[in-house]
Amino acid sequence: MSILLGIRIAFAGGRESLARNALMAAGVAVGVLLLLFTLTAMPVLQRHIDRLAWHRTTEVSPPTAPDPALWLAVTDRYAGRDVIRVHVAALGPRPPVPPGVDRLPGPGEVVVSPALAELMRSVPDDQLRDRFPGQVIGTIGPDGLIAPAELVGIVGRTPEELRDTHGAVEIRGIEQPGKRISLYGFYRVLISLVAVLIVGPVVVFVAMVTRVGAARREQRFTAIRLAGATRLQTAALAATETAAAAIAGTLLGLLGFLAARPLAASHVTLGHGIPIFVEDLMAPMRQLLLVLLAVPVLAVTTTLVALHRVHISPLGAHRRVRRRSPHDWRLVPLVAGIVGVWYSEKAQSDPALVETTLLRWVNALSPLSILVGLVLAGPLVCFWISRGLARSSGRATTLIAARRIAADPYTTSYAVSGVALAMFVATLLGLIAAGQRPIGGDRRAVLHRGVVAVHVRDVPAASLAPIMSSDAVVARSGPGDLVVVRCADLARVSDLTCPLPASLDGPDPQPAQDLFVVPNLSGLAGFTEPGPEAASLPVHTVFVPTDGTLAAEERVRTLAAIAVPSARTETSGELAARTTTEFAWVDGVLPPAMAFVLLVAACSLTVATVSALMERRRPFALLRASGVRLGELRRIVLLETGLPLVITALGGMGTAMLVTYMIVPVGEWELPDATFFAGLGIGVLVALAVSSLALPLMDVATRHDSARFE
């Protein structure tokens, strides 16, 4: 009976009740939508690793078929996109077969991905098609692709052809999915930070939404108590009203997630520049069910906790329990986390402590302690802000805002805690990335426009006749991993200056190294000028100048692929775009992550502002009737949210600076550029601006009829 009555009350309160429930349902829907997309992050990475499994096939891969095969996999390029070319030759009737195809292509046969087949039809053969000699007999299915637009082809060869090909190996099986994501060291901490960064503000947002109109609900429940309802029945009515909106919002969030998956998948590339499969963007079933159950429970729990503050009797809400002022113990988790980071950094220099269980626990718990500490310390900081406001100004609006914050610093803090977490993680990543960038600017070597570097590594010069020209520069492999090349010739195709370094040992990276080091072709000790015996040395890299057009560069790639199937090529544009530091990805990941979190934080601030207006409608109306101007009332609300927002954001940034100063060597610690901090500041201002969109409601909420009939 209480449940049915609660549902009826939820929708029988007129336009205000419907608007409140609609806002609650919409807020919960947004929260569920964001949570479900957050839960897809790790599964997407895992599915990506599973799809990449057969690309990692080597001679040590576990057997998967009775007969062996010869295998040569090469990552080629076309117009800036990766092109995977796999040469295979069966050594028996039942060789291992990659996923997505029914059988290995035989000599003179080729199977390609649908995207590669379409691309081959649209460009001249001498730019791409000739790299895959043979007749195309079929396409690779989705199980063998990492993304719908992946460019990959499998070329069938004879065993004799591959045995004479440099780089080919004999395999007994295809690498199978099952390799799990291994997160360790900084990356484990990083994933934890990002997870809390995203999930934390969303949970706060859902909790804030469910408190909208709490004061008006308390008045209705007082009337119900006067009619004879018990406290348990009143709580059941409140829970039913919230649960109805929360369940509706949860279902809307699930439907929105399913509808938005294609759009989201089209923007997720995982570093390959091509969108992933839509079906890969799915949260695990257990976690999905947990969210669908936990969000309504969280909403109901928040309502019951808020209702617990008011002791409702048949005579009305006669006693509102004032929350205790926050105590200094709330700083303990934050301080403990910072001390843990300091201890962990100091212990790294002691071999006896590096592998201890204590240090592993400290490494795991210190970042979490800092994040939890930032949230717990928020109410205490807001309480200090209220005292500072009250002492620094005698204006009525400032004093009212200070008293409001002091009366409930917890609600004020939770509304802005998402921004504090975002500022902490963003500043932490920015400082670490700044410390990893080379001091003195980017020192990357740059090829001249139109030059194609063909990396062949230890291939006889006779095999490279098709790409040799009078102006080509040949670098050879010398003893002791030295590159034998005339510096004057290399300076003709790049911006390097002579002399070249005889040794690459030392902490400072050498620009000349960039021209010769590509994935899977490492091992470079230094450079030496050619001597009389240089002509007999194997070729390491050939630099082929072209006219700079895409067609000319791709023709050189095709000739190199035909002459030496294992060749790796790189153009001047690709070399310039290659990442310079391990943390350069932060520049691409951080802006959308920050936009996401600040959007959620802005929504939380907006909901907090709307809730404050609804709960204090009559006091604001009385203040306006007594002569307080509308602009002053809006200034009160802005002070209540804006000042704690700025102070907590600065606190998060300061904590990140302190942490990174302890973990980054002093010589490498440096601040990001001004644009980074300008971006953070603009983000905070945008969050505040979004929350101020609710201020026009102040005019409607504080009209004189609100004071007469409330």
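The legends below describe close-up views of a predicted model.

Figure 1. Six strands, arranged as β4-β3-β5-β2-β1-β6, form an open sheet in which the pairing is mixed. At its edges are β4 (135-139) and β6 (169-171), each of which pairs on one side only. Between neighbouring strands of this sheet the turn is 30° on average, direction ignored. In general, the strands of a sheet pair through backbone hydrogen bonds, and they may be parallel or antiparallel.

Figure 2. Strand β1 (residues 69-78) and β6 run antiparallel and are joined by 3 bridges. Within this pairing, Leu70 stands opposite Glu170 in β6. A parallel pairing is found between β3 and β4, which are linked over 4 bridges. There, Val110 has Val136 of β4 as its bridge partner.

Figure 3. Helix α4 (residues 114-122) lies across β1, β3 (109-112), β4 and β5 (151-156), and its direction is at about 85° to β5. Helix α16 (residues 550-563) also packs on the sheet, where it touches β1 and β2 (81-90). The direction of α16 makes about 170° with that of β1. Helix α4 is also part of a right-handed β-α-β unit, made by β3, α4 and β4.

**Figure 4. The loop between β1 and β2.** Which residue has a positive phi although it is not a glycine? This residue is Ala79, with a phi of about 50°. Ala79 is found in the loop that lies between β1 and β2.

**Figure 5. The packing of helices α10 and α12.** Helix α10 (residues 332-347) and helix α12 (residues 357-392) have axes that come within 7 Å and cross at roughly 150°. Angles over 145 degrees count as roughly antiparallel, and α10 and α12 are therefore roughly antiparallel to each other. Their crossing is left-handed. On the side of α10, the contact is made by Pro333, Leu334, Ala336, Gly337, Ile338, Gly340, Val341, Tyr343, Ser344 and Ala347. On the side of α12, the residues are Leu358, Leu359, Val362, Asn363, Ser366, Ser369, Ile370, Gly373, Leu374 and Leu376. By class, the contact of α10 with α12 includes 13 nonpolar and 7 polar residues, with no charged ones.

**Figure 6. The packing of helices α12 and α13.** Helix α12 also packs with helix α13 (residues 396-407), at an angle of about 155° and with the axes 8 Å apart. The helices α12 and α13 are therefore roughly antiparallel to each other. In passing α13, α12 makes a left-handed crossing. The contributing residues of α12 are Cys382, Ser386, Leu389 and Ala390, and those of α13 are Thr398, Leu399, Ala402, Ile405 and Ala406. The contact of α12 with α13 has 7 nonpolar residues, 2 polar residues and no charged residues.

Figure 7. Another open sheet has 6 strands in the order β12-β11-β10-β13-β9-β14, and its pairing is mixed. Because β12 (526-528) and β14 (568-571) stand at the edges with a single partner strand each, one side of each is left without a neighbour in the sheet. From one strand to the next, the twist averages 25°. Helix α16 lies across β9, β13 (539-545) and β14, and runs at about 170° to β14.

Figure 8. Pro499 is placed in the loop between α15 (487-493) and β12.

**Figure 9. The packing of helices α20 and α21.** The axes of helix α20 (residues 630-663) and helix α21 (residues 674-691) come within 10 Å, crossing at roughly 150°. These two helices, α20 and α21, are therefore roughly antiparallel to each other. The crossing in which α20 passes α21 is right-handed. Helix α20 contributes Thr641, Gly642, Leu645, Ala649, Met653 and Met657 to the contact, while α21 contributes Phe677, Leu680, Val684 and Leu688. By class, the residues of the contact of α20 with α21 are 8 nonpolar, 2 polar and no charged.

Conventions. Residues are numbered from 1 along each chain as its sequence is written. This is a predicted model: local features need pLDDT of at least 70, side-chain atom pairs count only at pLDDT 80 or more; totals for chains, interfaces and linings use all residues. Side-chain values use heavy atoms; hydrogens and water are left out. Axes are lines fitted to C-alpha atoms, for helices over the stretch in contact, and angles run from 0 to 180 degrees between N-to-C directions. Angles under 35 degrees count as roughly parallel, over 145 as roughly antiparallel, 65 to 115 as roughly perpendicular and the rest as oblique. A crossing is left-handed if the near helix is turned anticlockwise from the far one by less than a right angle, and right-handed if clockwise. Contact means heavy atoms within 4.5 Å. Ala, Val, Leu, Ile, Met, Phe, Trp, Tyr, Cys and Pro count as nonpolar, Asp, Glu, Lys and Arg as charged, and the others, Gly among them, as polar. Two strands pair if DSSP finds at least two bridges between them. A crossover is right-handed if, with the strands pointing away from the viewer, the path from the first strand over the helix to the second runs clockwise.
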